There are 2 protein chains.
Amino acid sequence: MNQKILAALLVLMSAHAFGQDSSNQVSVDPSIIPADIAEKAIALRKRTLKDNLSVDIVESVTTEVGPRRIGTAGDERVIAWSQAKFKELGFDRVWTEEVTLDRGWTRGEAKAEILEPYPHNIVMTALGYSVGTDGDLVAEVVEFPTYDDLLAVPEGDSLKGKIAFISYSMADYVPPENGSGWGSYGEGTRARGKGRVEAAKRGAEAIVIRSVGIDNNRNGHTGSGYNYEDGVRMIPTAAVSAPDAVLIQNMLRRGKPVVLKMNLTSEITGPAKSANIIGEITGREDPDRFVFLGAHVDSWDEGTGALDDGAGIGSMMAAAAFIGQMEQRPRRSIRVIMFSGEEVGFYGVYAYMEKNQGNIDAHLLGAEVDTGGGRAHTLTSGVGPNSLAVVREMHKLVAPLGIEFNDANDAQAQSDMSEVSKAGMPALHLRQNLNGYFKYHHTPNDTFDKIIPEDMRYLTAAYATLFYVAAEMDIDFRK
Amino acid sequence: MNQKILAALLVLMSAHAFGQDSSNQVSVDPSIIPADIAEKAIALRKRTLKDNLSVDIVESVTTEVGPRRIGTAGDERVIAWSQAKFKELGFDRVWTEEVTLDRGWTRGEAKAEILEPYPHNIVMTALGYSVGTDGDLVAEVVEFPTYDDLLAVPEGDSLKGKIAFISYSMADYVPPENGSGWGSYGEGTRARGKGRVEAAKRGAEAIVIRSVGIDNNRNGHTGSGYNYEDGVRMIPTAAVSAPDAVLIQNMLRRGKPVVLKMNLTSEITGPAKSANIIGEITGREDPDRFVFLGAHVDSWDEGTGALDDGAGIGSMMAAAAFIGQMEQRPRRSIRVIMFSGEEVGFYGVYAYMEKNQGNIDAHLLGAEVDTGGGRAHTLTSGVGPNSLAVVREMHKLVAPLGIEFNDANDAQAQSDMSEVSKAGMPALHLRQNLNGYFKYHHTPNDTFDKIIPEDMRYLTAAYATLFYVAAEMDIDFRK
């Protein structure tokens, strides 16, 4: 028997046992967090851990709205849904702030087949803002194992008449530890964004990439905003499913030309209006200053955006709603923002920053969830040096949820909210298990059934507990 | 700590360790299996366990042929491929036997959307031999949790103007033990086959079922041959993906009518010709009698048929080829048959039985693989009472591959080959781990990347070892 495996299993099993919220002790230093606040926080944590509200919210948005890319009918529906949901959940104030999308996009249909050396229909999905193919595009495939390999061939006409194919597999490189690394997602997304420009500069007719994900499903992974550059020919760009990428590679290994036929009917369209939606639990003593919880309201358009970012919508709306259900409002306000247009270029947060730049000081402490509904395993912070001791005590309140503390104190709020962080807002961030996320997000498979209710409850309980304390205490997290 | 979990883990771990083929001992009774045969069998087992040939064959058929439903262009390609592959692998004789398909089928396209209460595009796949919808079919959905619930409503017009929806989930019922149960596949396939007739008898416009599988992917699971009945209206029949079934159910739970629009362009077509393909390693002493290894050469048409039944093709072709690579031919012949048209109704084996009914006695011992490439865990047999002792000794030769023996001696050969069993051919059968199979087979996801090479090698080594001994010994397995 392998003792290492056994030891690892025992660690896993005790970690699981640790996940039970059985702690009744308040070990928090009362000179840092007053005992009554700590007690209420613990009661809140225990109560919310049993409440499925965050999951129900994800079910609601994925079922009643579904796909909701900015500028589409789903976007209009989710703006209405968000306002109604905030009101239903008892938020005191609900409003929208306009967001302008400079150009829209229609996905259309994507069909593709391999014509040579062996005929196969394959699964392809247009990447965001791809132009269409204007009928069938038929060309030989040239494989590049990585984006850098594409960059290494000369600009001009080295790929004239060809389809560039980047076969880079995120699945082969994702680090296994703790399921929490971003792995090679960043590397994969280089090709997803700027590949269209770099391939065009080399004369290619189109660029196709292996889907950026760690799954083995026959679905494409979409993504990217408008990434064309003035003066560079706009060529179609798409992703093939991981199994189809393997198929093409297996054909290429035989040394035979692989000829692909693709037909995308995507189209870039005109400007559109959208909105960020904000709900507030109004503070009882200092209502104009607020802790700030975020998620993005838009999603990609082939799934229903359950993990990306329904889980953020559900956890953040529910966390604030739970605080709103307490006997009295917290000292300062809690605002929950549903950012528009994250997926195609942070449109929502840019509009927010423009409108709210004079008021950043009122943003006391922020966080965003944009990495699915997985359980949190580590609390990180980005606060002033004097506040770190407070965060350390706050951590003790969520430690029974299986959350460790990383005291490097160099975190920003995530995703959209990182822009607010950069402008000076202190932040907390809970690192989550990401494995499910990189299997499903941006694909047709990002649907409600992928939500693990218990994990969502753990995540939501942690945010509710932390931000209740942050809103209730009279502390400046910038110091 | 839960002691039961620990105990279960320890069993799993030791089973894993047992999977290593480290045995050099010949513990086989030499009065039953001569020592030289046992030694050669062990050497064969050890050699083949390192040989990737079975996997390479699956790669070849999935890449060079791809989907190969009977009566399609892929069927023609795979008949040619099979003959060429048998020859390339050194089989002594290769031939085909004609199979007639009484009616063919064109899949066409399947599009579906929910119109009410919330608009969604959903993933639908036509079930085998479904008629088309003749344009858009728009109707309200009526849910039946099981096929029996459909049968329970009165015949006549109780479903007039409706689409029957059977939401039965195989995933919720599959037994976890050992990954080897057929679980609720049989229950799921009742609706897949005869649902179209029973729904039509009740006046329904169409019948839609939840995909029969244990996966959570946004792909449809197809299946079924021609199942219409004379005198009953032919209505369209299709499967929705598991996540879309959940979506429809979540809408129905709200008490609102769910209106579905579906458009299938499937068509039933005329008769076609196909063929079984047979390769023989000719025996050195008794060439007209043979052990008989089978798989089916056809596949469903949305994936490339890697697990169903590329794995059978690869393991059986390779097992016999490995025996053909030995110093001398075995005493009796080995025939490998690639049956045509299994998926839509056992066309290949029925044609085979008609042609070969006078020669069943020459079939010494048979087996078929039609449950994917998972590792075998249990050997079963269906042989004469005197032969059971031989099979027990044969088992010792494969036990180091982690294979147990179930001596109930009531097994038949599997799938197509069960028909030959019924006619009197003795059989061996290796029960395999099936979990991957029920996630992927019959779906677009049944592709080469789902093959686990090590598991395929274990499976193939077991069949090579067992059938080398069966072909080499002078024994009548009927006795």
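Let's start with a pair in chain A: A:Glu280 and A:Arg93 form a salt bridge, with their closest N and O atoms 3.2 Å apart. By salt bridge I mean a side-chain nitrogen of Lys or Arg within 4 Å of a carboxyl oxygen of Asp or Glu. This pair links distant parts of the chain: A:Glu280 sits in strand 12 (residues 272-281) of chain A and A:Arg93 in strand 1 (residues 93-101) of chain A, 187 residues apart. Strands here are DSSP runs of E with at least two residues, helices are runs of H or I with at least four, and both are numbered from the N terminus.

Are these two partners buried or exposed? A:Glu280 is buried, at a relative accessible area of 2%, while A:Arg93 counts as partly exposed at 39%. Buried means under 20% relative accessible area, exposed means over 50%, and partly exposed is in between, with a 1.4 Å probe and protein chains only.

A quick word on what you are looking at. This is a predicted model, where local features need pLDDT of at least 70 and side-chain atom pairs count only at pLDDT 80 or more, while totals for chains, interfaces and linings use all residues. Residues are numbered from 1 along each chain as its sequence is written, chains are lettered from A and ligands numbered from 1 in the order in which they are written, and side-chain values use heavy atoms, leaving out hydrogens and water.

Back to salt bridges: over all chains the count comes to 64. Another one in chain A joins A:Glu140 and A:Lys162, with the closest N and O atoms 3.3 Å apart. Here A:Glu140 belongs to strand 6 (residues 137-144) of chain A and A:Lys162 to strand 7 (residues 162-166) of chain A, 22 residues apart. A:Glu140 is partly exposed at 29% relative accessibility, and A:Lys162 is partly exposed at 25%. Over in chain B, the side chains of B:Lys162 and B:Glu140 meet in a salt bridge too, at 3.4 Å from N to O.

Now let's look at where the chains meet. How many residues does each chain bring to the contact? Chain B gives 41 residues and chain A gives 41 residues, where contact means heavy atoms within 4.5 Å. The size of an interface is often given as the accessible area lost when the parts come together. Between chain B and chain A the buried area is about 3,000 Å², and carbon and sulfur atoms give 53% of that. That figure is the accessible area, taken with a 1.4 Å probe, that the two parts lose on being put together, summed over both.

Across this interface the rule finds eight salt bridges. One of these side-chain pairs is A:Glu64 with B:Arg254, at 2.6 Å from N to O.

Which helices of chain B supply at least two residues each to the side that touches chain A? They are helix 1 (3-18), helix 3 (53-65) and helix 7 (242-253) of chain B. Helix 3 of chain B gives the most, with six residues.

And how do the copies relate? Chain B can be laid on chain A with an RMSD of 0.0 Å by a turn of 180° and a shift of 0.0 Å along the axis. The two copies are thus related as by a two-fold rotation axis. The superposition is by least squares on the C-alpha atoms of residues with pLDDT of at least 70 in both copies. Within chain B, B:Asn217 comes closest to the rotation axis, at 3.8 Å for its C-alpha. Also, 100% of the interface residues of chain B are interface residues in chain A, so the copies meet through the same surface.

Next, please find helix 10 (residues 388-398) of chain A, which is mostly covered: eight of its 11 residues are buried. Among them are A:Leu388, A:Met394 and A:Val398. The buried residues of this helix pack against several elements of chain A, including helix 2 (35-48), strand 16 (376-382) and helix 13 (453-472).

Last, a few backbone details. A cis peptide bond joins A:Asp308 and A:Asp309, with omega about 10°, and A:Asp309 is in helix 8 (residues 306-324) of chain A. In chain B, the peptide bond from B:Glu116 to B:Pro117 is cis, with omega near 0°. B:Pro117 lies in the loop between strand 3 (110-116) and strand 4 (120-122) of chain B.
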